[in-house]
There are 2 protein chains.
Amino acid sequence: MPISSVCQSPDNSLKKKRAFITGIGGFAGSFLAEELLSHGYHVSGALMRAATTENIKSIQNNLELFRLDILNADRTQQVISKLQPDYIFHLAALASVGKSFSMERLTYRINVEGTLNILQTADVLSRLKKMVFVGSADCYGIFSPKNKTLTEDQPLNPISPYGISKAAAEQLCRYYAQQRNVPVTIARSFNHCGPRQTENFVVPDFARQIAAIELGLQKPRMAVGDLGARRDFSDVRDIVRGYRLLAEDGHPGRSYQLCSGRAVAIKTVLNTLLGFTTKKVRVVTDRTRLRKSNIPILRGSNQRAVQELGYISRYNLKATLYNTFEYWITKLSSS
Amino acid sequence: MPISSVCQSPDNSLKKKRAFITGIGGFAGSFLAEELLSHGYHVSGALMRAATTENIKSIQNNLELFRLDILNADRTQQVISKLQPDYIFHLAALASVGKSFSMERLTYRINVEGTLNILQTADVLSRLKKMVFVGSADCYGIFSPKNKTLTEDQPLNPISPYGISKAAAEQLCRYYAQQRNVPVTIARSFNHCGPRQTENFVVPDFARQIAAIELGLQKPRMAVGDLGARRDFSDVRDIVRGYRLLAEDGHPGRSYQLCSGRAVAIKTVLNTLLGFTTKKVRVVTDRTRLRKSNIPILRGSNQRAVQELGYISRYNLKATLYNTFEYWITKLSSS
């Protein structure tokens, strides 16, 4: 019997844990859907009207999908209330720091007011066991000393509209947990990468360029921005496992850093990716890409997630980068 | 020559420092308008369409007033750009913690997105010297130990939609100061009271009831909520002087606590006000008013404002409470 018919059987699906994912068609959303399906969940989710289903096409028959704008409060409540999920994973967001500078209003609307709409829905659901809100290490902003390993107790001092919006949305979640008893727990995700991530982010930007060069679609010359910063990278598949663990064991109102605990220079990421091509590549600094970071090193402690959730990083960065490179090779070959 | 014609003279008004106040018809807004007029500023300001001008009727001829919804970004920019103020004082807000619980969406819209609209306007003004954003001690939320004296370095952990909105708006201001060079400075005001404050707040609520009893308009029996909390009360006229000093000397991107440095029990406020009536009043606890505070003591240090701005509290609380009582006697007598 194919998985799809199992999911569509009402009797059977009632016995399963029911999960609802906002942003299910996105980078992390699609991997989370796979993670939950493989752990026996019934999985439904929402995509923006214009969003592509490319990331979930291989599992689409096993999913219940809805076109939903989370800024439409009434319809959001309608759709989710009808589904009566046990778990909500709120991933839908304007997720690019870079874009948030020029799209401030939309960033606050989607990331803060959108989260309010999900929380208000969660507040009226009768069988909700847990809501997982996906926040970001960008909510920390500036801190000192500049090379410290961050813990969840670090005060939030965000310096981008994206970071400000995620910090505010976390505060909404804590308010709903503490004052209204909504069982919402908070993932504070550090950088993560892997296949399917859009090229607005540094790793897929590099991987796509190098794959294009490998395929002869681009001259052996690639443009890069600031290579000096160091970031704490995880594989997206580790991060979404963290989301599942949070749904199962996360404490309401508490934030959990999901990260590897190591900081790697962007230059190291580049050199690792360059190792996958047979071509000799000339690397050129593109001044338009030089948004100099005020945060030279971003490295988190994952101790709380390890101790309370049993979170571990299973993927090493080289494997993740190779998978990402392969993804772009396939994608560019078929387009 | 009456002041009004001085203000309307274009030649003369060009030599004056030009101030624009959002929420000019409100409690603090009206006192700030008086403070600035008495210090030689040309004063203009915006009121919501439905807002009363009662608080500013005695100075209305000396003001340039506009009906403006700050959520209308285009018109906000249009009105303020035409005025080309040297100083913007952004006071317009949904300012009641109590109301914010039932009006979350509006709280975030007005207090965060409204502030974004003012900041985006400030960003394009050519002669702006300073913008003063009025934040609140409610952005601190829960802290420990519970009786500590707060400084501006205290992490923000707000527990009401109002507090969350003011914390987020402060972060927007810091972002505009640090990343876009908008000269915006931040007042973090603690409780303030005085004439004209609406009875949604504890001091005018008590003062109005006691004035009504004094006038024989209410039986000598008054309803109160939790009297145990201690708060740092200032006179509104001290606080608005702080706003003027911030415009003149406040550091962009920095927050300044405006407060007295002393915490007074709500019970003491009540007893002081009861001392002003000749009637014997029976005080009854009204369970519907018992929104038990998670913050038993709220007391700030005003050291930064004192040192950097020369801020001092001129009014003692008893005088402020007496002025408030007199205000309600007059108001209730004439209605």
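**Entry 1: Ile164(A)**

I started with Ile164(A) and counted 31 other C-beta atoms within 10 Å of its own, so I wrote it down as buried. The cut-off I used for buried is 20 or more. I noted that I am working with a predicted model.

I then looked up where Ile164(A) sits, and found it in helix α7 of chain A. Leaving out residues up to four places away in sequence, I listed what Ile164(A) touches: Pro158(A), Ala168(B), Gln171(B), Leu172(B) and Tyr175(B).

I also checked Ile164(A) against Thr277(A). They are 113 residues apart in sequence, and from C-alpha to C-alpha they are 39 Å apart in space.

**Entry 2: strand β1 of chain A**

Next I went to strand β1, residues 18–22 of chain A. Five of its five residues are buried, so I recorded the strand as largely enclosed by the rest of the structure. I sorted its side chains by direction: Arg18(A), Phe20(A) and Thr22(A) point one way, while Ala19(A) and Ile21(A) point the other way. Both sets are buried.

Which strands pair with β1(A)? I found strand β2 (residues 42–47) of chain A, parallel to β1(A) over five bridges. There, Phe20(A) has Ser44(A) as its bridge partner. I also found strand β4 (residues 87–90) of chain A, parallel to β1(A) over four bridges. In β4(A), Tyr87(A) stands opposite Ala19(A).

With helix α3 (residues 27–38) of chain A, the two strands make a β-α-β unit, and I noted it as right-handed.

**Entry 3: two packed helices**

Last, I looked at helix α8 (residues 202–214) and helix α10 (residues 266–274) of chain A. Their axes are 10 Å apart, and the helices pack at an angle of about 30 degrees. That makes α8(A) roughly parallel to α10(A), because angles under 35 degrees count as such. From α8(A), the contact is made by Val202(A), Val203(A), Phe206(A), Ala207(A) and Ile210(A). From α10(A), I listed Ile266(A), Val269(A), Leu270(A), Leu273(A) and Leu274(A). I wrote down the crossing of α8(A) and α10(A) as right-handed.

Note on methods:
Residues are numbered from 1 along each chain as its sequence is written. Chains are lettered from A and ligands numbered from 1 in the order in which they are written. This is a predicted model: local features need pLDDT of at least 70, side-chain atom pairs count only at pLDDT 80 or more; totals for chains, interfaces and linings use all residues. A residue is buried if 20 or more other C-beta atoms lie within 10 Å of its own, exposed if 12 or fewer, and partly exposed in between; C-beta atoms are placed from the backbone. Two strands pair if DSSP finds at least two bridges between them. A crossover is right-handed if, with the strands pointing away from the viewer, the path from the first strand over the helix to the second runs clockwise. Axes are lines fitted to C-alpha atoms, for helices over the stretch in contact, and angles run from 0 to 180 degrees between N-to-C directions. Angles under 35 degrees count as roughly parallel, over 145 as roughly antiparallel, 65 to 115 as roughly perpendicular and the rest as oblique. A crossing is left-handed if the near helix is turned anticlockwise from the far one by less than a right angle, and right-handed if clockwise. Two residues are in contact if their C-beta atoms, placed from the backbone, lie within 7 Å.
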